There are 2 protein chains.
Amino acid sequence: MPRIAEVIAVGTELLLGGTANTDAQDISQGLSELGIHCYYHTTVGDNPGRLREALRIAASRADILITTGGLGPTYDDLTKQTVCEFFGRGLVPHRPTWERIEAYFRRIGAPPTENNRQQALLPEDCVIFENDWGTAPGCAFRAGDTHILMLPGPPRECRAMFRGCAMPYLSSLRSGALVSRVVRVFGLGESRVETLLRERMENARNPTIAPYAREGECFLRVTASAETEAEARALTDPVVAELCRVLHPYVYGVDVDSLENVVFSLLEGHKKTLAAAESCTGGMIAARLTALPGVSRVFRGGVVAYDNRAKHGLLGVPEDILHRHGAVSGPVAEAMARGVCERTGASLGLAVTGLAGPDGDGSDTPVGTVFLALFDAEDGTLNCVRKSLGDERHRVRSAAAGHALNMVRRHFSEKG
Amino acid sequence: MPRIAEVIAVGTELLLGGTANTDAQDISQGLSELGIHCYYHTTVGDNPGRLREALRIAASRADILITTGGLGPTYDDLTKQTVCEFFGRGLVPHRPTWERIEAYFRRIGAPPTENNRQQALLPEDCVIFENDWGTAPGCAFRAGDTHILMLPGPPRECRAMFRGCAMPYLSSLRSGALVSRVVRVFGLGESRVETLLRERMENARNPTIAPYAREGECFLRVTASAETEAEARALTDPVVAELCRVLHPYVYGVDVDSLENVVFSLLEGHKKTLAAAESCTGGMIAARLTALPGVSRVFRGGVVAYDNRAKHGLLGVPEDILHRHGAVSGPVAEAMARGVCERTGASLGLAVTGLAGPDGDGSDTPVGTVFLALFDAEDGTLNCVRKSLGDERHRVRSAAAGHALNMVRRHFSEKG
């Protein structure tokens, strides 16, 4: 059974720094879910000689080679040609692909060239991965003990095809079952999580525990393999429970998509609606929530009250409170939370006001100070907290948005 | 003079998919600005044997090796040890680094170990890159004709040290000057830009022309090298002018940071203020603008009017307009733009209402339909446009935010 994969990304734009190699990340995440090791990523440009060199090196140390990029109709069909030459595999015409390419050229009003015709060729005796999101199909074939998978470069296409086609293909190569679960944490730094769990992570074999960090959040993937899925799941259960215990109350969910998703579900489950009044986060809370399809069922909208006039004019924050306490203060956050509730009819009003920096506001309030308030119009409760979120503008804003969403989450978990 | 660089990222978290290798992207972008070629990126885990293998391969095909990661005080000091062993370079104690490590352990309340002491060692006879953003310094040394640079892994530290220390170090290795300029384009797809410019790009030698795509935008980097900076700049001038001519009116700036930055400058230059009323973009316009320090001078704030109640309650959109035309309509966009102006006292009101999907709204308005309106309260002009922005929720939202900002830009450029 093949166990070691290597990812080869093909694209000069990656070597010019035009884009980050997120394909390698997406693929690696999937590989670790499948329990397949990956020891190297390589990136090469649109250059057959250097791709051949990368294939030679990769084939000497891995038994699953996954390429991304170089398959699209506007590029030279570099990857397929070079890979097939390297593995001595013929290329045969694939009718549906040719039809798609023809349609593409009809659309842009140009005739396809001989080069385009070659793009409709696929390796002999391969498994075709249909591309529902672009023109170039992917494929997989076996050469001796090595499996070669070719995926398109555009991240959306690559991710969808890897999840939809390549992961099932790779799964079928191995026996037994694998279960992978994710414990999500907010409000505890990565290094704190590592300190708390380092020993557990290092000693974990089956299941394994791997930490990930993303934009101020942290999550832990617990992966177990066994004969059956039920057995694998049973292996993960006590570890997930243990992590939730150690990291309580920072765990916001297990196998959930994001903090905003959890907030969405809680609002829906409790039949509540939310509106947000944002100062320093300037729309980030609303943008995160409105990224979720269907969120209009629970999210009324909000106000970006970036200066005092907007705080007064759009939210009705009394001018004397603004003057007496300053815009970055608990009383202003509370008045914003009440104001946005009243003006949208939402049952919960969330408000953030803070100093994101880089400059202060002339008062002695330090940069990074943020006040968060949550008003529950139904029972009249009003909570307000003050946070110090560092001195880097982007981090302060993004952490403040996270803390605000987490405040809504905890409002429900504390009410039980 | 060394000309070919290779980037080696060290970190098991990269191979597990926990994070994207943005360090390689940042470094590559800087290398292309310096006119240094980069033919491969490699990623290896925290494993000395595999790092040694990567160094062996890289040293055989490049004369500048840049490593990222594996320098921090909580990791095994893998990179420095392995690199120095490989190049037969001794390690000597570096006092300031040791003091920082001691301070770190005092802070976390644990005694430093022998392993930590080794982290204060740096290669003999190296150039030290101070790290103002973390504990681990970077460094560079020369071994024969090869230059080795070691940078920390955390993206902020890596980017700052690469820009602040490594780029000057690499610049000093070469004679002559290099000028790099960026033409930014909005509203023209990457493939259209490629079609328009393919031949020019392929034939360009000095300056070179390289395209980049990012979240619905596209930009072109023009890089020239010459004896002096003035000569290099003179080489770029006609090419930049030519690109601006060919891509007019889609070019929104040369050597500018972003569309929102251009809008910020235009507003400031024309002494105007802006407020935004967002429906389908749900705060994305406000979030992009408020990411800019000092934007409160021109941006009053806005309203995320995600449902009809908020459109009416927060913006005063008349209910009969909502009923007669539907929320996704020109008259509603116009009323939103007027409303947000009135309620914030801004001189310009920008409004977006659209159908981001995945589901329709029950009417026959197709998903992806977006209405944008801009109201100028000072001269009373009101513009409204309708766009069809595809059927993928994230793309519709992000393109709508871009088109809205671009509408403000064009409002000024058309007025002259």
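This is a predicted model: local features need pLDDT of at least 70, side-chain atom pairs count only at pLDDT 80 or more; totals for chains, interfaces and linings use all residues.

Me: Are α8(A) and α9(A) roughly parallel or roughly antiparallel?
Reply: Helix α8 (residues 190-203) of chain A and helix α9 (residues 229-247) of chain A have axes that come within 11 Å and cross at roughly 160°. Angles over 145 degrees count as roughly antiparallel. Therefore α8(A) is, relative to α9(A), roughly antiparallel.

Me: Which residue does a cis peptide bond join to His248(A)?
Reply: The omega of this bond is about 5°. The residue in question is found in the loop between α9 and β12 (251-254) of chain A. Its name is Pro249(A).

Me: Where is Pro358(B) found?
Reply: A cis peptide bond joins Gly357(B) and Pro358(B), with omega about 5°. Pro358(B) sits in chain B, in the loop between β15 (348-354) and β16 (369-376).

Me: Is Asp125(A) buried or exposed?
Reply: Asp125(A) lies in the loop between β5 (121-123) and β6 (127-129) of chain A. Phi of Asp125(A) is near 60°, a positive value in a residue other than glycine. Exposed means over 50% relative accessible area. Because Asp125(A) has 71% relative accessibility, it counts as exposed.

Technical notes. Residues are numbered from 1 along each chain as its sequence is written. Chains are lettered from A and ligands numbered from 1 in the order in which they are written. Side-chain values use heavy atoms; hydrogens and water are left out. Axes are lines fitted to C-alpha atoms, for helices over the stretch in contact, and angles run from 0 to 180 degrees between N-to-C directions. Helices (H or I, at least four residues) and strands (E, at least two) are DSSP runs, numbered from the N terminus. Angles under 35 degrees count as roughly parallel, over 145 as roughly antiparallel, 65 to 115 as roughly perpendicular and the rest as oblique. Buried means under 20% relative accessible area, exposed over 50%, partly exposed in between (1.4 Å probe, protein chains only).
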